[in-house]
Amino acid sequence: MASKSLKNLTGPLSGNNPVIVQILGICSALAVTVQLKPAIVMGLSVMVVTAFANLVMSLLRNGVPSRIRIIVQLVVIASLVILVDQVLKAFVYDVSKQLSVYVGLIITNCIVMGRVEAFALQNKPWDSFLDGIGNGLGYGSILVIIAFFRELLGSGTLLGFRIIPESWYIAEGGFYSNCGLMLFPPMALIIVGCIIWAHRSFNKDLQEK
Amino acid sequence: METLNLFISSIFIDNMVFAFFFGMCSYIAVSKSVKTALGLGLAVTFVQTMTVPLNYLLNEYVLAPNALVEGVDLSFLSFIIFIAVIAAFVQLVEMVVEKFSPTLYNQLGIFLPLIAVNCAIMGGSLFMQQMVGAGEINNFGQSVVYGLGSGIGWWIAIVMMAAIRERCTYSNIPAPLKGPGIAFIITGLLGIAFMIFSGIQL
């Protein structure tokens, strides 16, 4: 793989991360992270949609007049999301119920639209496809970090498996209790704030003056 | 009474931003001054009040099972129909406002196209569809009320946020937290404050 293609793939993982650097696609990033499993499924769904939306729009880029490109993009993205939604309903119905409206909201997820606008309309199909995969992974990795803390501290489990032993809990005569606040929406925002804080402490060039 | 309850809860309890994170992208990006926040909030409330009832009608008479043709369930098409209605409506509003009120157009101009991809609008319509299924919205009037209420909730949230961020410019924030970092933490704290409304029932 050429180094430029590799850069498209790995850039969005940290230095150009869609969630914590470009501040895109926050809505769904926060809402589906109470548990790890829906977060992983959501990350994969967004990756598939971004990659294929980029690929299709990159193939069409010379044939679509720029005045109507937004509508064309929405149609392409909406069709891909409907496909993903039907697949989720067919194979992982319980997760699909948990994600509820947020699967539909991939359509208005700024990452998909933003990458198509900013990258796929100027680049070749293969590069665009890799860019989509990279941004999907960058988005998914943040989702997994948030969900890891929220599920571990909020319910004491990871992917549904118990991590914190039952005997530690106060009900069983121990000293520990779950942080119920972690299950509420506001904590997701505060965790993202802390991730940005940590990330920018290491990447000084991203700090705002 | 039920309708009033729906209105209050869509503004405060099920607030678009603090309870569901809808429209976060523009919420973080445009909340740097109160004036622009007021403009965007107005535009979102207007579009929301119009598109939720429109999508309600489509949902009721086209998409629901057995609505259009006996024995046909078109609900899998709802994503694409809703987004098409929203995009078309935003385009229409932009043209009408440009023609009849150039001053308002200059104020809202840059925000109008942004609204088409604001998740609050799409999310409002999808939630409306869910609430119809759950029997919380039963008629056209209630869908108008829900659209208006959720729009106002978003408006309140972004104006509050902008006012706080204007004050923040004078405070001494650690360098890595400046900009989006502190904005997220403030939103989280505001969300905790809004949690006191949960459980209110009229």
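1. Starting with polar contacts: across the interface of chain A and chain B, the rule finds 1 residue pair in polar contact, with both residues at pLDDT 80 or more. Keep in mind that this is a predicted model.

2. Now for who supplies the surface. On the side of chain A that touches chain B, at least two residues come from each of these chain A helices: H2 (26-31), H4 (69-91), H6 (101-104), H7 and H9 (185-202). H9(A) has the largest share of that side, with 11 residues.

3. Composition next: the residues on the side of chain A that touches chain B split into 28 nonpolar, 9 polar and 4 charged.

4. As for extent, chain A and chain B bury about 3,400 Å² between them, and 83% of that is on carbon and sulfur atoms. In residue terms, 41 residues of chain A are in contact with 38 residues of chain B.

5. One residue to look at while you have H7 of chain A on screen is Arg115(A), which lies in that helix (residues 110-120). Is Arg115(A) buried or exposed? Its relative accessible area is 10%, and the cut-off for buried is under 20%, so Arg115(A) counts as buried.

6. The neighbours of Arg115(A), leaving out residues up to four places away in sequence, are Gln22(A), Thr50(A), Asn54(A), Cys110(A), Ala120(A), Asp131(A) and Asn135(A).

Methods: Residues numbered from 1 in each chain as written. Chains lettered and ligands numbered in written order. Predicted model: local features only at pLDDT ≥ 70, side-chain atom pairs only at ≥ 80, totals over all residues. Heavy atoms only, no water. Helix = DSSP H or I, 4+ residues; strand = E, 2+ residues; numbered from the N terminus. Buried < 20%, exposed > 50% of the residue type's maximum accessible area, 1.4 Å probe, protein only. Contact = heavy atoms within 4.5 Å. Buried area = accessible area lost by both parts, 1.4 Å probe. Polar contact = N/O pair within 3.5 Å; in protein donor to acceptor, adjacent residues only side chain to side chain. Nonpolar A, V, L, I, M, F, W, Y, C, P; charged D, E, K, R; others polar.
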